[in-house]
Amino acid sequence: MKSIKSFIITLGLTFLLTSCSQIENDKNTMQNTNVDAVPIEHIYDGYEELQGKDFGSFSLPDKIQVSDVDKLYSFSSVGKTVADVEQESKHYFKEFLGDSYDEANIKKEKEKVYAYYGENGYTMFFVECMPMNAYYVDHPGYACTETLGTYYADTDRDIVLDLAKGECTVGELCDSLSEVISRTFYPLYGDFEIYPYIIDYYFNENMEKVAEVTCAVRYKGVNMEIFFSPLFIVEEREEYQVITNYVPSHMIFALDGKDSITFFANRFAPKDEADAEEINEVISLKGAVELLEENLAVQSHYQFEEVYLYYCCKNRRPSPVNDEELNSKMDEDFFKDAELSRFEPTWCFMWHTSEGEGQYIKVNAVTGEITVEVG
């Protein structure tokens, strides 16, 4: 799971596809809807027959996890705004930090941006009701040097973690973190639920045992895409570029004790849903497999390890530049472009490269569009 951090956005994509007319090489996608949509309650019909099956160009996992899905949606997501950013930032810092909060540590960095400077170089930022990275600036050594284990919050609750500041179980760690998440983020998120998902247990650069918890986001019971995608499209503007790419939805916390957060990164700013439309029929898992069988090149062979139904989105956002004047213009475009984010249910077929990085082939369950993502 450390590959979450190591994905590199790159134009140099290589993959094997058939030479059918549906391929759009600039986007690395195929459009093909030669399968019938089915009612939501039938989307997993026949999955038992698919488990462990080899189709030549790809094979499916021996066990496919079925999600309890009764409704699906297509929706846009727009950033929240508040009337008083200063008061909202104070509320956020107080809820996140608990007893260690001191209002004197808050400083206005620029318009709509507030920072909290705590002890030991601890710095948090709040931007227009969008909590950004919080981290120990003076203690950046929380990268993994040796992996000790990877666990799932739902199934490995009794596993004991010997962290730098004491022992606790996976369940105790996740329960404690969930309390922080609940009081800090739930008031901001509406129909979105944040929950601990995957726990990476490792030695950091200071040779301390820490747990890195990746928290997933659900929208009305269905997970949103967690991982970065290397796929993107560049649009040239007069003074800078706008990058269109899949935007993951997750939070990452590193803890060296049950109640001791040492690193936090929020990859899902608080959002309001907009233009939500319930979807009555979608391409089933079996239909998605048929599309892959028809479109993936015979000489390729992907060994899929997991299959998920996620909400995936494409989001337009300006690329960074080191120029304050340009950045101020880009800020306006960022919020305007962010309104174009559209989430749709998507079948995600995951495998790992020889370097251990997770990769996906996606089949949009509404349009049948196939996206091949190989970095």
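Predicted model: local features only at pLDDT ≥ 70, side-chain atom pairs only at ≥ 80, totals over all residues.
Residues are numbered from 1 along each chain as its sequence is written, and side-chain values use heavy atoms, with hydrogens and water left out.

Two strands pair if DSSP finds at least two bridges between them. Strand E10 (residues 146–152) runs antiparallel to E13, and 6 bridges join them. E13 also pairs with strand E14 (residues 209–219), again antiparallel, over 11 bridges. Here tyrosine 201 stands opposite alanine 211 in E14.

How many of the 12 residues in E13 are buried? For strand E13 (residues 192–203), the count is 11. Buried means under 20% relative accessible area, exposed means over 50%, and partly exposed is in between (1.4 Å probe, protein chains only).

## The turn between E13 and E14

The hairpin of E13 and E14 has 5 residues between the strands, and methionine 207 takes a positive phi near 60° there. Glutamate 205 also sits in the loop between E13 and E14, and counts as partly exposed at 49% relative accessibility. Glutamate 205 and threonine 145 are 60 residues apart in sequence, yet their C-alpha atoms are 5.9 Å apart in space.

How many disulfides does the model have? The count is 0, where a disulfide is a pair of cysteine sulfur atoms within 2.5 Å. Take cysteine 168: its closest cysteine sulfur, in cysteine 174, is 8.8 Å away, so that is too far for a bond. Cysteine 348 is in no disulfide either, with the nearest cysteine sulfur, that of cysteine 312, 3.8 Å away.

Buried or exposed? Cysteine 168 is buried, at 3% relative accessible area, and cysteine 348 is buried too, at 1%.

## Two polar contacts

Lysine 362 belongs to strand E25 (residues 358–364) and is buried, with a relative accessible area of 1%. Its side chain makes a polar contact of 2.4 Å with the side chain of glutamate 225. A polar contact is a pair of N or O atoms within 3.5 Å; within protein, one must be able to donate a hydrogen and the other to accept it, and residues adjacent in sequence count only if both atoms are side-chain atoms.

Serine 260, in strand E19 (residues 260–266), is buried at 15%.

On a 1 Å grid over the protein atoms alone, a pocket is an open set of points with protein on both sides within 12 Å along at least five of seven lines, and lining residues have an atom within 4 Å of a point. The second largest pocket is lined by 23 residues, and Gln65, Ser67, Tyr197, Asn223 and Tyr308 lie nearest its centre. The elements giving two or more residues to this lining are E13, strand E15 (222–223) and strand E23 (306–318). Which of them gives the largest share? That's E23, with 5 residues.

Terms used
Helix = DSSP H or I, 4+ residues; strand = E, 2+ residues; numbered from the N terminus. 1 Å grid on protein atoms, 1.4 Å probe; cavity = no way out; pocket = protein on both sides within 12 Å on 5 of 7 lines; lining within 4 Å.
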